Amino acid sequence: MTKTASLRLEGLCRRIGERAILDGINLEVAAGECLALLGPSGCGKSTVLRVIAGLDPCDEGRILLDGRDITHRPPARRRVAMVFQSYALYPHLSVERNLTLGMELRGVPPEQREQELAAVLELLQLGGLRRRRPAQLSGGQRQRVALARALLRKPQLMLLDEPMSNLDAQLREELRPQLRAILSGGRAPAIHVTHDQQEAMGIADRIAVLHDGRLQQCGTPRELYHHPANLFVAGFIGRPQINLLPQDDGTVVGIRPEHLVAVDSGGVPVRVRSREWHGASQQLLLESAQGPLRWTCDGNQEIGEELRLGWEPRHEHRFREASGERLGSPGRHA
Amino acid sequence: MSSLLLMAPALLLLLAVFVWPLLDYAWLSLQAQSVFTGLETVPVGAANWQRLLADGRFWQDAGQTLRFALVSVALELVAGLAIALLLHQRWRGRGTVRSLALLPWALPTTVMALGWRWIFNDPHGPLNGVVQSLGLATVPFLASPDLAWVATVVADVWKTTPFVALLLLAGLQMIPADLYEAFALEGGTPWQGLRRITLPLLRPYIFIAALFRLAQALGVFDLIAVLTGGGPASSTESLAVYAYLNAMRFLDFGYSATVMLGMFLLLLLGAAALLLWRRQAEVGA
């Protein structure tokens with residue numbers, strides 16, 4: 001990437017008492033790029049957003065936005081907009097007033113306010129809801145209002161904290177391409193926090209996986225899937241989960257469920273324990289001498305059936321068991 | 001029929017403690033029962049009510065009561081809001097101060113009124129001690145009509161501000177913190193946040209606090225009875241104190257009942273006007 005990074009985090013640390021919530025986060029997000037911060041709950045991903053926004057203090061490290069150090073600026077002076085998980089709409093104000101209040105505070109002249117309001121209402125199809133209060137909106141509508149408010153901030157950086165988590169699954173899938181289109185329409189980089197890897201893969205250009213306050217790996221969805229940097233990322237990315245087979249030499253072999261193939265001889269002997277049928281494929285849970293295995297296939301195996309499974313060496317991931325780090329770099333391509 | 005049966009306990013209670021005394025007072029206000037009648041009840045028709053309409057002291061007390069209620073409740077709302085905002089911030093020892101702040105309200109009014117009477121005492125009270133240490137002549141706080149009125153307001157504000165603060169603090173805790181965070185990210189200052197977010201969202205709580213306090217302050221009795229006795233020259237007298245004096249000092253029970261009912265009717269009128277105004281405001285909004 002030759003573009004200069006628009007947002008840069010250098011050794012970001014956040015502590016509460018003795019506990020390190022964030023432990024030296026280094027990250028770059030380019031102009032116009034959408035990065036997903038992915039991790040299990042409690043991994044510190046929301047804290048990263050709050051520190052960048054200035055809502056939580058930064059105990060160590062620097063935050064550079066377009067080359068300027070904003071580490072210790074008050075939130076109001078960072079030109080950062082955030083979509084909150086709760087949306088944080090002002091409950092006593094109409095949609096229109098929710099959207100114009102910020103412009104009013106920033107001294108945008110009334111005619112310009114009206115223009116920008118009209119443009120964003122149009123973009124997010126909120127025109128008919130101008131006079132409604134937040135309580136009179138559906139979850140999806142509230143999310144659009146929150147997004148509209150963030151866009152009107154004309155931010156140099158857009159932060160989204162689990163913006164889909166209050167929506168039902170179907171609506172989430174509908175909104176994903178919309179959100180992606182809107183975010184990639186801007187020049188500002190965006191950071192999207194989520195615990196849902198489907199959402200991360202669907203929206204983001206790159207994904208940063210966070211665990212225990214540390215950055216595990218940062219790359220495109222493909223890189224994370226085909227080339228996980230450690231055991232945590234291998235296990236976290238990909239559904240159904242990767243099969244991990246401990247070896248005698250202190251290493252672990254990882255093999256994705258769809259990369260297992262039935263073989264006539266050699267391989268691992270297994271027995272089918274249960275089965276889920278998903279239409280396009282079926283998901284088998286197998287018993288083996290090395291523990292349970294997951295296999296995604298399109299065959300017609302029956303419960304109780306015994307067979308042998310193998311895999312091509314190029315699909316094999318190998319990790320050191322003790323540290324979890326990756327060994328070598330096979331499996332680069334599927 | 002069974003619904004009436006189920007409501008009966010509550011209805012009986014209301015009849016016993018509310019409706020019956022009211023009717024009894026209404027009846028009593030049409031009687032003369034005083035030392036002149038040998039405390040016998042003698043029907044006098046509307047004589048008590050005619051006397052009430054022409055009674056300058058009643059109307060003066062009504063004005064004084066209203067002024068006392070409006071001024072002290074207004075001060076309590078402002079001070080209560082300031083204290084609530086302070087107690088809502090995070091700081092060391094906040095928990096302790098929160099409980100301490102409630103103490104004045106937990107104190108029996110009579111006890112605290114006695115305390116304030118001592119504080120305002122001329123010339124021995126602590127306040128006059130401060131005045132004297134400044135080299136000035138002592139001030140007759142409770143003997144001058146204007147200062148005595150101020151003293152009743154000060155004591156009332158001191159006692160009931162914690163109640164208002166507690167109610168408003170509960171209201172503040174209902175406002176999600178992320179609203180302020182969103183507001184700050186939009187470029188708003190804390191002062192703007194108070195005006196644009198806190199006050200509008202606190203409005204229902206302010207209304208409830210004002211309603212509770214106005215109802216109490218308009219019926220103020222114990223504080224004034226103990227602190228000033230309504231004096232000097234009935235300048236701090238409230239309607240409740242006047243009704244009490246009529247019954248217990250002048251032993252004119254018929255007229256005392258009339259004063260009480262008159263006060264009740266005035267309050268009813270005020271409450272109706274307030275409700276009407278609010279309904280209109282809601283329709284307008």
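Chain A contains eight helices and 18 strands, where helices (H or I, at least four residues) and strands (E, at least two) are taken as DSSP runs and numbered from the N terminus. The model is a predicted one, in which local features need pLDDT of at least 70 and side-chain atom pairs count only at pLDDT 80 or more, whereas totals for chains, interfaces and linings use all residues. Residues are numbered from 1 along each chain as its sequence is written, while chains are lettered from A and ligands numbered from 1 in the order in which they are written.

The C-alpha trace of chain A spans about 75 × 45 × 40 Å along its principal axes. Of its 334 residues, 39% count as buried, that is, with 20 or more other C-beta atoms, placed from the backbone, within 10 Å of their own. Among contacts in chain A with a separation of 6 or more, 63% join residues 24 or more positions apart, a contact being two residues whose C-beta atoms, placed from the backbone, lie within 7 Å.

Six strands of chain A form an open sheet of mixed pairing, in the order E6-E7-E8-E3-E9-E10, with two strands taken to pair if DSSP finds at least two bridges between them. Its edges are strand E6 (80–83) and strand E10 (214–219), each of which pairs on one side only. Within chain A, strand E3 (residues 34–38) and strand E9 (residues 206–211) run parallel and are paired over four bridges, and A:Leu38 stands opposite A:Val209 in E9(A).

How values were computed
A residue is buried if 20 or more other C-beta atoms lie within 10 Å of its own, exposed if 12 or fewer, and partly exposed in between; C-beta atoms are placed from the backbone.
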